[in-house]
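Work through the exercises below with the sequence and model in view. Each task is followed by a stepwise solution.

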Amino acid sequence: MSPLATIDAFARAADILDPLPNPYERDPVGFIERELNEEPWSKQVEIAQSVLDHRYTCVRSCHGTGKSYLASRLMAWWIACHPIGEAFVVSTAPTQTQVEAILWREVGKAHRKGSLVGRITGGMVPAWKVGAEIVGYGRKPQDLQSKEEAMAAFSGIHARFVLIIIDEAGGVPKWLFDAVDTLATNASARVLAIGNPDDPASEFAKISEPGSAWNSIKIAFSDTPNFTGEEVSEGLREDLISPVWVDERKAAWGEASPLYVSKVLGEFPEVSDDTLLSPKDLLAAQNRTSEPDKDLLGVYGYDIARLGSDETVGYRNIAGKIRRVYNRSKQTTMRTAAAIKLETQRHHGEAPTYIDVIGVGAGVYD
């Protein structure tokens, strides 16, 4: 073997044993632009940079901004640009359609466009495989019926670089967010939660609040190229939220509608379809300083729990002013019945008492 051939062989062996870092490992935008020949716009660039710089990123976005598109491209970048065998991607969304037909369909497009390593499989649990090894998959919450099941499933994932995508995050339960935390244990792990801000009572709303551990990004209709004048291609402009659609939604929904606030303004509304009392009303009640007249009997109401994680809670309503008088967890219904009896005896048994008889409350009522 000639000296030059020997040097070349040693160089190839060194590349195998100690490969150079991928030039795009710290440049997701460069990967999308040059390897996939695509055009992220400014807010997508901001999100990609946040995933690079922050362990936790949450994005509340109006409709039509390319949320799932960007999430799929970040997944493609993660696997393509980190060492094979050391990188893993996990995605979840509230429904099978959102997992398979939206997010992983986009992953498949990126995979084909970039001629990336391995193959994408379909089915109920779409996956990215390199040879016989799985380097990523997507699952919906119904696949993991509890926090314990989710944590057990996730505990089998061992990789230095883990990226977790929570798509349509407003519909994902808190216990799944908790399970996700068991994956993001090392400093190189990243979590991206992205979706429309539909439900103000969701875990997604909580992590989007100032002061949370998440880097929070908002995209309103007014932030998008069709409203800012940002220079983008005509093809991209046509894919994004348009002034025509915004005007139509304003006329159909009204600017005060929760739908308009979420889908157009990119903010969490005060109320959702399931809201009985708005957060504004609850905060006002909590901040009232006047105390009820202690001499009045008032009316008691109790919601009964038993030995699970829920609490038995009792409130006293005196002339419209409500105060909690009782709360216990992991208590038998016999003990609860005795406690309620003692409370009513303070008023010689004259204070009316109401008990929710749905479920275990019927026994206490009897």
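**Exercise 1.** Is Leu183 buried or exposed?

Solution. The model is predicted; local features need pLDDT of at least 70, side-chain atom pairs count only at pLDDT 80 or more, and totals for chains, interfaces and linings use all residues. Residues are numbered from 1 along each chain as its sequence is written, and side-chain values use heavy atoms, with hydrogens and water left out.
Step 1: Leu183 has a relative accessible area of 5%.
Step 2: buried means under 20% relative accessible area, exposed over 50%, and partly exposed in between (1.4 Å probe, protein chains only); Leu183 is therefore buried.

**Exercise 2.** Classify the packing of helices H3 and H4.

Solution.
Step 1: the axes of H3 (residues 42-53) and H4 (residues 67-81) come within 11 Å and cross at roughly 40°. Helices are DSSP runs of H or I with at least four residues, numbered from the N terminus. Axes are lines fitted to C-alpha atoms over the stretch in contact, with angles from 0 to 180 degrees between N-to-C directions.
Step 2: H3 is therefore oblique to H4, given that angles under 35 degrees count as roughly parallel, over 145 as roughly antiparallel, 65 to 115 as roughly perpendicular and the rest as oblique.
Step 3: Gln44, Ile47, Ala48, Val51 and Leu52 of H3 meet Tyr69, Leu70, Leu74 and Trp77 of H4, where contact means heavy atoms within 4.5 Å.

**Exercise 3.** Which residues of helix H2 are buried?

Solution.
Step 1: in H2 (residues 28-35) they are Pro28, Val29, Gly30, Phe31 and Ile32.
Step 2: these buried residues pack against H3 and H4.
Step 3: just after H2, Asn37 has a positive phi of about 55°.

Definitions and conventions:
Helix = DSSP H or I, 4+ residues; strand = E, 2+ residues; numbered from the N terminus.
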